[in-house]
Amino acid sequence: MELEPGVDDTRFLLFAGGTRLVCMDCIDENVERPAQLMSAQVARRPAKAHRPLPVRCDLGCGARKLAQPLQSREIFAQELGLEQALLLCEPALELLNQAHDVTIDIATRGIVVHASDGGAARELGVSSFGSRSNRPHSWLAPLFVGHAIYRQAAYGSNHPLAIPRVESVMDLCSALGWLGESEFRESPRASVDQLAWFHAPEYVQALKHASETGRVDFDVRRRYAIGTMENPVFPGVFERAATSVGGSILAAELALEGRVVFHPAGGTHHGRPDRASGFCYFNDPVFAALALLKAGVERVVYIDLDAHHGDGVQDAFVRDERVRTLSLHEQGRWPYSGEVSDTGAGRACNLPVPARINDSELRVLLEEVVLPLARMAAPQALVVTCGADALDGDPLSSMQLSNVALWSAVERLAALAPATVVLGGGGYNPWTLARYWSGLWGRLSGREIPRELPADALAILRGLRCDLIDDEDIRPEWLATLADRPNRGAARDEIRTLVNLALAEVDQSAWTPLSDRASRQAVATT
Ligand SMILES: [Zn+2]
C-alpha cells in the first residue's frame, strides 16, 4: 500500500468491541483507562472508486494512514492493518464504498453499519455473527447480574410489587439452561458512600434506620416519603434497594469492557435524591449512568421503555452535557410528567403514547424518533430501562405491546453502543414479566426462543400468583410459552402526530455530540 508523505504506517487496532480505531501507541498509553478507548465512530470521507481513504487514530494523536476502498470481505481489516478481521455482509460493503459518514457498531446480533448523509442516519446492513464462535475476539459475552436477596418477601402484602419478579426470571433462565455460572455475576451492595453519589446522606441514613428498626416517625414519613402505602418499609428494604444500586454500578463497569449486561432488578427510575417515589427508594439507573461517567465516558444515552415516565433519571441529568434521556411511556399515567413538549434543557425527549399502543406503532416511533435520535447522540454507552408494564396484560397500564416487539426494540438499541446496560423496571403481572425478561436475556445472549417449554420452566410459570389478576384473566399462553403473538395493527393518527410533535420539539443540535458540532463547523470553514 502506498502512503502519502507525512502519513506513517502505524499499526491500528479496532478497540472496544470493534467500534473504535486506535493506534497502538495510544493503546499502550491508555491501557489503564479503558473508557478513553471507547467510542462508536469510524469516520470516513466520501470514497471515489479505488482512491485510498485516510484513516486517523480516534484518540486524535495525529497518527493516520491510507487504505484502499473496500473490495471484499476481509480487505477492510487487511487494508487498515488491523489486528482482527471485521467481516461485513456484501450489501453493507457495497454501500460502505459510497457512503459519507459511516458508523460501525458491534451488537449482539452482529456488526451493524450505519451511514449518515446530512444528518439523517440509516442502517446499511448487518453482518451476522452466525454462531458465537464467529464473534470477533474483543467482543465479550453478555452477562446477567442478580442476587438471592430478591427471593425474600418484600413490600408487605397488598402492594403491586409483592409478586415474584427477578427470582422467577433467574429460575426460568436456569430451567432453560440459559444461566451458566460464567454468565452470572452476583450483585454487590452499594456502600453508603456510593449511595451519596446521588442521594442525600440524611435520606440514606433515614432509610437504613427505618429498615433496621421497622419504625418510621411521622416527620420522616412526611420528609422522605417512606413508610407509606406506596413506599412501605419492610425488613431488609435498605439492603434490597442498595443491592439494586450496587448491581447497576457493577453492570455499568462490566458493560464498559465492551458488552451488554442485563440487570433485571434495576430500573427504579422514579427515585429522587432526597425521597422515595413510585415504589422506588433509590434510583439505580442514575447510578448506572454515573458509573459510566465516572469511568470517563462522555456520551451516555438513557432510554426508558417503562409504561411510566422516567422522571427521576431525566431530572437527575437535565443539566449534564454528557447524558441524553428519552422516555416512551403511556400518556396520562402517574407521575403525569413527560409531555412531548418537555425536553428538559434540550437534552431530553419524551414520547407519551396513547393507550393500547400496538407493535406496529412502537416500530414507527422507534424508526422515526428513538433510533435516529439515539444515533445522532453517538453514544459511547447506553442504559435501557425495560419496565414490563409496557406489555399487554399488565394491571397498571393499558399498553398492549408483545414481548417479541420489545425484545427486538432492546436489541436494536443495544446495537447503538459498544457498552449497554439493560435494566428491568416496573411490571405487575408476574407471568408477562417473567416471560419478557427471561426471553430478553435469551435473545441478548444469543439463544433461540423455544416454541415449547421444558417441564421445569412450565412449573415455574404455573407456580406464579398475583392478587391483582383474577384466575379467569390468566391467559393460557402465559402458562405455556415464552414468546407472545405479535400485536400488529395500523399506526393510528395519534402516533403520526406524536412523531411530528416530538421531532419538532426536540432540540436536535443538543443531541449532537459537542466534538461533532465542532468538527462539522471546522469542515464548513475550511
Ligand atoms: Zn412503570
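Among contacts in the protein between residues at least 6 apart in sequence, what percentage join residues at least 24 apart? The share is 71%, where two residues are in contact if their C-beta atoms, placed from the backbone, lie within 7 Å. The model is predicted: local features need pLDDT of at least 70, side-chain atom pairs count only at pLDDT 80 or more, and totals for chains, interfaces and linings use all residues. Residue numbers start from 1 along each chain as its sequence is written.

The secondary structure comprises 18 helices and 15 strands; helices (H or I, at least four residues) and strands (E, at least two) are DSSP runs, numbered from the N terminus. Of the 526 residues, 50% count as buried. A residue is buried if 20 or more other C-beta atoms lie within 10 Å of its own, exposed if 12 or fewer, and partly exposed in between.

Eight strands form an open sheet with parallel pairing, in the order β9-β8-β10-β15-β14-β11-β12-β13; two strands pair if DSSP finds at least two bridges between them. The edge strands, β9 (184-186) and β13 (348-353), each pair on one side only. Neighbouring strands of this sheet are turned by 15 degrees against each other on average, direction ignored; axes are lines fitted to C-alpha atoms, for helices over the stretch in contact, and angles run from 0 to 180 degrees between N-to-C directions. Helix α11 (residues 359-376) packs on the sheet and touches β11, β12 (323-330) and β13, its direction making about 160 degrees with that of β12.

Five bridges join β14 to the parallel strand β11 (residues 300-304), with V384 as the bridge partner of I303. Five bridges also join β14 to the parallel strand β15 (residues 419-423), where V421 is the partner of V383. From β14 the chain crosses through helix α12 (residues 403-414) to β15 in a right-handed β-α-β crossover, meaning that, with the strands pointing away from the viewer, the path from the first strand over the helix to the second runs clockwise. Helix α12 lies across β10 (260-263), β11, β14 and β15, at about 165 degrees to β14.

The largest nonpolar core has 124 residues, of which A288, A289 and V422 touch the most other members; such a core is a set of buried Ala, Val, Leu, Ile, Met, Phe, Trp, Tyr and Cys residues joined through C-beta atoms within 7 Å. Helix α8 (residues 237-255) contributes the largest share of this core, 11 residues. Beyond its neighbours within four places in sequence, A288 has contacts that include V383, V421 and L423.

Several loop residues remain. The peptide bond from W334 to P335 is cis, with omega near 5 degrees, and P335 is found in the loop between β12 and β13. Y155, in the loop between β8 and α4 (166-175), has a positive phi of about 70 degrees although it is not a glycine. Y155 counts as partly exposed because it has 17 C-beta neighbours inside 10 Å.
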